[in-house]
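Welcome! Please keep the 3D view open beside the text as you read.

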Amino acid sequence: MSQRPQALFAMTAENVPQVFPPEVLARLRESVDIDPALVARDFADPGVREALARTEILVTGWGCPRLDEAVLDAAPRLRAVLHSAGSVKSFATPGLWRRGIAVSSAAAANALPVAEYTLAMILLAGKNVLVARDRMRATRTSSGWGVVPGIGNHGRRVGVVGASRIGRRVLELLRPFDLRPALTDPYVGEEEAAALGVPLLPLDDLLRTSDIVTVHAPETPETHHMIGRRELALMPDGAVLINTARGALVDHDALVAELRAGRLTAILDVTDPEPLPADSPLYDLPGAFVTPHLAGSQGNELARLGLTVAEEAERLLAGGKLAYAVDLAALERAA
């Protein structure tokens, strides 16, 4: 009989081998007794229900069913939910915290590739690489090797909207470069911004003064279309908008109007709706660079999420604190 606590996967089954490749799964199984062949996609399934009754640790991921009161009643031994992805909002309920069940998320690990994507796009946008590539592709000509005015990354102002995990990581990654980052976030004060090494600006001032604006705010009712027609009009001519957060934070109709006018350019890894309909002008507009929601963990980066869960399981069983515990009070304003 194993002395390791019983654990159960609850996610889309095909994600298990991606997030927990053999070496990561082996490390997780040093701490918990978990069967990768048994993956909960429906807690009403009799086999899953039987396993749930014995489960002490639930390892969740994309596609996890909602953990409502009936599910929690069926899991009387449950003491921790370790999420191998970002937000837990789609399945976590307040009952978890009321029952004293620890909740952890790998959101910090998932923030790394998003911030890396953002950094890459900031540097490329500063050199106007994406627009220049499209121009060369369309004209089959080159302006030659002369100096191109108005581009470059020397002293360019980068406005970061939201001091989320990703926003903070972007600020860290920007430090070695000769750029001038600034931050806007209603929940951050001057002292905290100073600790992050950036000036804190109201959103309107940040938009007016930034060459590149990158969005890292959560999607809440308050942030819906927070970058709308009025806000886009504040951005200077030639400015670049980058969105790797959620598509609904930006009013796409207003953005399309600015792109058609040739006043702004946009790099969008998220859209509203997602995916875009086939007739969306964002596919063809000059100055629009759209990628299919791939800034987050992909390919070999997924193993980092599983490793985060394995490490959290080790901390839990050693009696230590979870490094990435999710706080219910903060969840309301999180992504």
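Let us begin with a pair of helices: helix α6 (residues 107-126) and α13 have axes that come within 8 Å and cross at roughly 155°. The two helices, α6 and α13, are therefore roughly antiparallel to each other. In passing α13, α6 makes a right-handed crossing. On the α6 side the contact is made by Ala109, Asn110, Leu112 and Pro113, and on the α13 side by Arg304, Leu305 and Thr308. Sorted by kind, the residues of this contact of α6 with α13 are four nonpolar, two polar and one charged. Please note that what you see is a predicted model.

The crossing of α2 past α13 is left-handed. From α2, the residues Val24, Arg27, Leu28 and Ser31 take part. They meet Ala303, Gly306, Leu307, Val309, Ala310, Glu311, Ala313, Glu314 and Leu317 of α13. The residues of the contact of α2 with α13 comprise eight nonpolar, two polar and three charged.

| Helix pair | Angle | Axes |
|---|---|---|
| α6 and α13 | roughly 155° | within 8 Å |

**The five-stranded sheet**

Next comes a sheet. In what order do the strands of the open sheet of five strands lie? The order is β2-β1-β3-β4-β5, and the pairing is parallel. At the edges are β2 (39-40) and β5 (102-105), each of which pairs on one side only. Within this sheet, strand β1 (residues 7-10) and strand β3 (residues 57-60) pair in the parallel sense over four bridges. Helix α13 returns here, for α13 packs on the sheet and touches β3, β4 (80-83) and β5. The direction of α13 makes about 155° with that of β4.

Phenylalanine 9 has valine 59 of β3 as its bridge partner, and alanine 10 has threonine 60 of β3. On its other pairing, β3 joins β4 in the parallel sense over four bridges, and valine 59 stands opposite leucine 82 in β4. Which way do the side chains of β3 point? Ile57 and Val59 point one way, while Leu58 and Thr60 point the other way, and all are buried.

Is threonine 12 buried or exposed? Its relative accessibility is 17%, so threonine 12 counts as buried, the cut-off being under 20%. Apart from neighbours within four places in sequence, threonine 12 is in contact with Arg41, Trp62 and Gly63.

**The six-stranded sheet**

The tour now moves to another sheet. This open sheet has six strands in the order β7-β6-β8-β9-β10-β11, with parallel pairing. At its edges stand β7 (179-184) and β11 (288-290); each has a single partner strand, so one side of each is left without a neighbour in the sheet. On average, neighbouring strands of this sheet are turned by 15° against each other, direction ignored. Strand β9 (residues 240-243) and strand β10 (residues 265-268) run parallel and are joined by four bridges. One of the residue pairings here links valine 240 with threonine 265, its bridge partner in β10.

Helix α12 lies across β9, β10 and β11, running at about 135° to β10. In this helix (residues 252-260) you can find valine 256. Valine 256 counts as buried because its relative accessibility is 9%. Leaving aside neighbours within four places in sequence, valine 256 is in contact with Pro281, Leu282 and Leu285. The C-alpha atoms of valine 256 and alanine 288 are separated by 8.8 Å, and these residues are 32 residues apart along the chain.

**Where to look again**

To finish, turn the view back to α13.

Methods: Residues numbered from 1 in each chain as written. Predicted model: local features only at pLDDT ≥ 70, side-chain atom pairs only at ≥ 80, totals over all residues. Heavy atoms only, no water. Buried < 20%, exposed > 50% of the residue type's maximum accessible area, 1.4 Å probe, protein only. Contact = heavy atoms within 4.5 Å. Left-handed = near helix turned anticlockwise from the far one by under 90°. Nonpolar A, V, L, I, M, F, W, Y, C, P; charged D, E, K, R; others polar. Pairing = 2+ DSSP bridges. Axes fitted to C-alpha atoms, helices over the stretch in contact; angles between N-to-C directions. Parallel < 35°, antiparallel > 145°, perpendicular 65-115°, else oblique.
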